[in-house]
Amino acid sequence: MKIALVTGSGGLIGSETCKRLHAEGYAIVGVDNDMRAYFFGEEASTKGTRQLLRKQLQVYHDEPADIRDWDAVEFLFKKFGFAIAAVVHTAAQPSHDWAAKEPLTDFAVNAQGTMYLLEATRKYCPEAVFIFTSTNKVYGDTPNRLPLVEKETRWEVDESHPYFAKGIDESMSIDSSKHSIFGANKVAADIMVQEYGRYFGMKTGVFRGGCLTGPAHAGAELHGFLAYLMKCTVTGRPYNIYGYKGKQVRDNIHSHDLVDAFVKFIKNPRPGEVYNIGGSRHSNCSMLEAIKMCEDISGNKLDWNLLDDNRIGDHIWYVSDVSKFQSHYPDWEYKYDLKTTLEEIYKACALTK
């Protein structure tokens, strides 16, 4: 049976990938050592999700390997070898605030770990498709230099700009900007994944995500925008907004829709390709707009506070242009809009309240 090796298997995107590829006929090797609990505390632990995967998936094998450890990574790839048909790398330290506290750890997880996985794939299963979940933070704060217009509840790019219609495409420069430590380390990994595709001819694909979300997200203050926002609305926990009058805009893609894009790529890979992937104009909101939607869905009032200082390198407005991916895979389409996604997150929060 062909194997899909999924790193970060207990996380939002990793767990969704495990379930979907298992349904597609893959045996799943999940790699997760629960560093999310180290990053964000016990409430962000992936332990429960991994236990569910072991119960729900018939052909699922859990490996607690640390991707920062070359010997552990090599042992794993030697063990399964050419049976590995797909590697979906979702493991990451995902917060630019956290990265500044421990830059060496962030580099080891996000850059070095990715390099180890690429090299192990090249040595032991070179025909496997390799998918990397990159980030829109590779563009640094360049999006903040767009001509932005302040509206009542959001910032918006000027209607005369080419990005107004569909959002930001892959031609935006990643140079001469402030990335955050997290963003810079993801750039290193992003470029290396491209290079292994272009130089070695491997079937690598880079997906530069906007805000990735869904009901399985273990939202924490430093990561998991919509999940943590809904959690605070449901539980009464105070919520802090960092700068930009609460009008900063993000696009949000449901984990199901992102993983569906992964499956399309695995079935017909295009080596070395890069795709901006997010909610696009289909699903985006400002902080203020998201708060109102959470309040309307939950029936609760959120206790929120606006802080003057924005996070370093944070985007004022970011909406992904997904038209390149759609042109390569025209049968891919969104299943979830923002309201449906938030309703799912609310139900998950209410169950665990």
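Me: Is R270 buried, partly exposed or exposed, and what's the number behind that?
Reply: R270 counts as partly exposed, with 34% relative accessibility. Keep in mind that this is a predicted model.

Me: Which residue does R270 pair with in a salt bridge?
Reply: E273, with the closest N and O atoms 3.7 Å apart. E273 itself is buried, at a relative accessible area of 16%.

Me: What about E289, who's its salt-bridge partner?
Reply: R154, at 3.0 Å between N and O. That pair links distant parts of the chain, 135 residues apart: E289 is in helix α11 (residues 287-298), while R154 is in the loop between β6 (148-150) and β7 (155-157).

Me: Are those two buried or exposed, or something in between?
Reply: E289 is partly exposed at 21% relative accessible area. R154 is buried at 12%, because buried means under 20%.

Me: Switching to aromatics. How many pairs are there?
Reply: The count comes to 20 aromatic pairs. One of them is Y275 with Y329: the ring centres are 6.3 Å apart and the planes sit at 75°, so the pair is edge-to-face.

Me: Where do Y275 and Y329 lie in the fold?
Reply: Y275 is in strand β12 (residues 273-277) and Y329 is in the loop between α12 (323-328) and α13, so the pair ties together parts 54 residues apart in sequence. Y275 and Y329 are both buried.

Me: Which residues make up the aromatic cluster with Y275 and Y329?
Reply: Besides those two, the cluster has F207, F262, F265, F325, W332 and Y334.

Me: Which arginines lie over the face of a ring?
Reply: R122 lies over F200, at 4.4 Å from the ring centre. R281 lies over F164, at 5.0 Å from the ring centre.

Me: Last topic, C349. Where is it, and is it buried or exposed?
Reply: C349 is in helix α13 (residues 338-352). C349 is buried, with a relative accessible area of 12%.

Me: What does C349 contact, leaving aside neighbours within four places in sequence?
Reply: A227, M230, K231 and V234.

Methods. Residues numbered from 1 in each chain as written. Predicted model: local features only at pLDDT ≥ 70, side-chain atom pairs only at ≥ 80, totals over all residues. Heavy atoms only, no water. Helix = DSSP H or I, 4+ residues; strand = E, 2+ residues; numbered from the N terminus. Buried < 20%, exposed > 50% of the residue type's maximum accessible area, 1.4 Å probe, protein only. Contact = heavy atoms within 4.5 Å. Salt bridge = Lys/Arg side-chain N within 4 Å of Asp/Glu carboxyl O. Phe/Tyr/Trp six-rings, centres within 6.5 Å; stacked < 30°, edge-to-face > 60°. Lys NZ or Arg CZ within 6 Å of the ring centre and 35° of its normal.
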